[in-house]
Amino acid sequence: MLSPRFSPRLTTGLTRFAPLGFFAVLLLSLQFFAVTAGAAEMLFDDFFIAVRNGNAADVKVWLGKGAGANLLDARGETPLMLTVRSDDNAEVVALLLGAGAKSYLRNPYGETALMLAVFHGRSRSVTALLAGGTDIGEANRMGWTPLIYAAYAGHAAIAAQLLAHGAPVDSASANGLTALMLAARNGHLDTVKLLLAKGADRARKNDAGLTARELALRVGNSDIAGLLAP
């Protein structure tokens, strides 16, 4: 007589319910990881606060406790992104880079820490990021490079930094806008002068067939339009 452990009936029953057992284990595993992720976010909440506040001493302590330099917050942004959004926290930027922060990571909009630092005018943080070997040629989902961000916002000194590090002066967005076009349209005279001095193409047209001069004229920036005359 066969032992009950090996009876055909019992074996069939176990086979029938095996998938249920597998999915039950899978569900429990997913629940466990969800709880763990939530706990991790709560655990490192003070780390994110220190990053946003530019508190280098606390950031260093939290990194020593195991807070990852590439942790994502609830919005999908890294510590590097958070600190340059908040202020010109160059010391924190350097700390994070030294701890292995990856400057090429992007937020849900396709922006890197350098793009955000440039847009917000964080010149010291831009310097720290460039010193860390950040790629200045990368573009966001709309094709905007860091130089285009600088031109749009009128940060001429930062634009000069980027150009000194090899940023392509005539890189264009997805709809054909260059740094010169955006600086001209937004009335940033110093940035326009800088870009022209660096060889920006004043005759180039965007996808709508407009040059930087024509864009400047459309919004009444006559002084810049005069500078851009052929």
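Predicted model: local features only at pLDDT ≥ 70, side-chain atom pairs only at ≥ 80, totals over all residues.
Which residues of α5 are buried? The helix spans residues 90–98, and Ala90, Val92, Val93 and Leu96 are its buried residues. Around the axis they cover an arc of only 160°, so they sit on the same side of α5. The other side of α5 holds exposed residues, Glu91 and Gly98. Just after the helix comes Gly100, with a positive phi of about 100°.

| Side of α5 | Residues | State |
|---|---|---|
| Other side | Glu91, Gly98 | exposed |

Now to the aromatic rings. Two values describe a pair of aromatic rings: the distance of the centres and the angle of the planes. Ring centres must lie within 6.5 Å to pair. By this rule there are six aromatic pairs. Take Trp144 and Tyr149: their ring centres are 5.6 Å apart and their planes meet at 75°. Planes over 60 degrees apart count as edge-to-face, so this pair of Trp144 and Tyr149 is edge-to-face. Are Trp144 and Tyr149 buried or exposed? Both are buried. They also belong to one aromatic cluster, together with Phe119 and Tyr152.

Lys65 lies over the face of Trp62, and the distance to the ring centre is 4.7 Å.

Key:
Residues numbered from 1 in each chain as written. Heavy atoms only, no water. Buried < 20%, exposed > 50% of the residue type's maximum accessible area, 1.4 Å probe, protein only. Helix = DSSP H or I, 4+ residues; strand = E, 2+ residues; numbered from the N terminus. Arc of directions from axis to C-beta. Phe/Tyr/Trp six-rings, centres within 6.5 Å; stacked < 30°, edge-to-face > 60°. Lys NZ or Arg CZ within 6 Å of the ring centre and 35° of its normal.
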